[in-house]
Amino acid sequence: MTSSKIIAGNWKMNGTATFLKECLSYWQSLSLVHNLVICPPFTLLTEANKSIHSSKVSLGAQDCHQKLTGAFTGNISADHVKETGCSYVIIGHSERRQYHGENNDLIKAKAETAISSGLKPVICVGENLGEREQGVTLEILQTQIEACLPNSSRDFLVAYEPVWAIGTGKAASLKDIEEVHGFLRKLVGSGIPLLYGGSVTAENCKEIISLSDVDGVLVGGASLKKQDFGRMLCGQ
Ligand code: PGA
């Protein structure tokens, strides 16, 4: 029997309430092998929570603020996220690092706050193309891990997402994923789920999640394809 892994779907700034409802109803009608964490935009979370009725499905947000309350116009706190019914929150995604200037210190602060609100942060790390080409991938990851991981608890996940693999259709090779995950496992120790993300599709998902030290995947584009994502959740 295939063991259950975590398949997280990051919808980014995509999707509608109607489509999400349709997807959740379809996915929950399947014989799910893996555990789904669906991460739609903030505005869809409360409604999505009402459509979840499988113990294999949970809800996640894509970010939260590092403070719990205050004068931060337009921001969403970890308590707000928790109140929608979320169990998870993605922290430090490379698009947040790139377009919102988020650095390792901020990411650590957000992760600590998320934990204090009862959420499990999915902390993203990953090298960019220049770093990969210079051969400094493992050093970069070590720096990010040492700087970003919370001290208060071990109730978090780490997602390895090489920046050059995100949305490019060019996933890291199985060999590279295995090497990096083995390295991350040594750094973080046992009991912390390690996800891979970056151009995961219905075609490569099964092989990727069967690698050692890969506890699941974080999926962007392919999580918006109802049927393909359904196949991934069923271990096909
Ligand atoms: P992708 O995105 O699957 O579209 O490459 C992954 C992510 O950004 O988490």
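For the class counts below, I take Ala, Val, Leu, Ile, Met, Phe, Trp, Tyr, Cys and Pro as nonpolar, Asp, Glu, Lys and Arg as charged, and the others, Gly among them, as polar. The model I am reading is predicted.

Entry 1, largest pocket. I looked up the volume of the largest pocket and found about 460 Å³ of space. Its lining has 20 residues, and F42, Q62, D63, R96 and H100 are the closest to the centre. Which helix gives the most to this lining? I find helix 4, residues 94-100, with 4 residues. By class, I note 8 nonpolar, 8 polar and 4 charged residues in the lining of the largest pocket.

Entry 2, second largest pocket. I read a volume of about 200 Å³ for the second largest pocket. I find 17 lining residues there, with G167, S199, V200, G220 and G221 the closest to the centre of this pocket. I sorted the lining of the second largest pocket into 5 nonpolar, 10 polar and 2 charged residues.

I turned to helix 7 (residues 137-148) and helix 8 (residues 174-188), which pack at an angle of about 35° with their axes 11 Å apart. Is the crossing of helix 7 and helix 8 left-handed or right-handed? I have it as right-handed. From helix 7, I list T137, L138, L141, Q142 and I145 in the contact. On the side of helix 8, they meet E179, V180, F183, L184, L187 and V188. By class, I count 8 nonpolar, 2 polar and 1 charged residue in the contact of helix 7 with helix 8.

Terms used: Residues numbered from 1 in each chain as written. Predicted model: local features only at pLDDT ≥ 70, side-chain atom pairs only at ≥ 80, totals over all residues. Heavy atoms only, no water. 1 Å grid on protein atoms, 1.4 Å probe; cavity = no way out; pocket = protein on both sides within 12 Å on 5 of 7 lines; lining within 4 Å. Points joined across faces, edges and corners; volume = space filled by probe spheres on them. Helix = DSSP H or I, 4+ residues; strand = E, 2+ residues; numbered from the N terminus. Axes fitted to C-alpha atoms, helices over the stretch in contact; angles between N-to-C directions. Left-handed = near helix turned anticlockwise from the far one by under 90°. Contact = heavy atoms within 4.5 Å.
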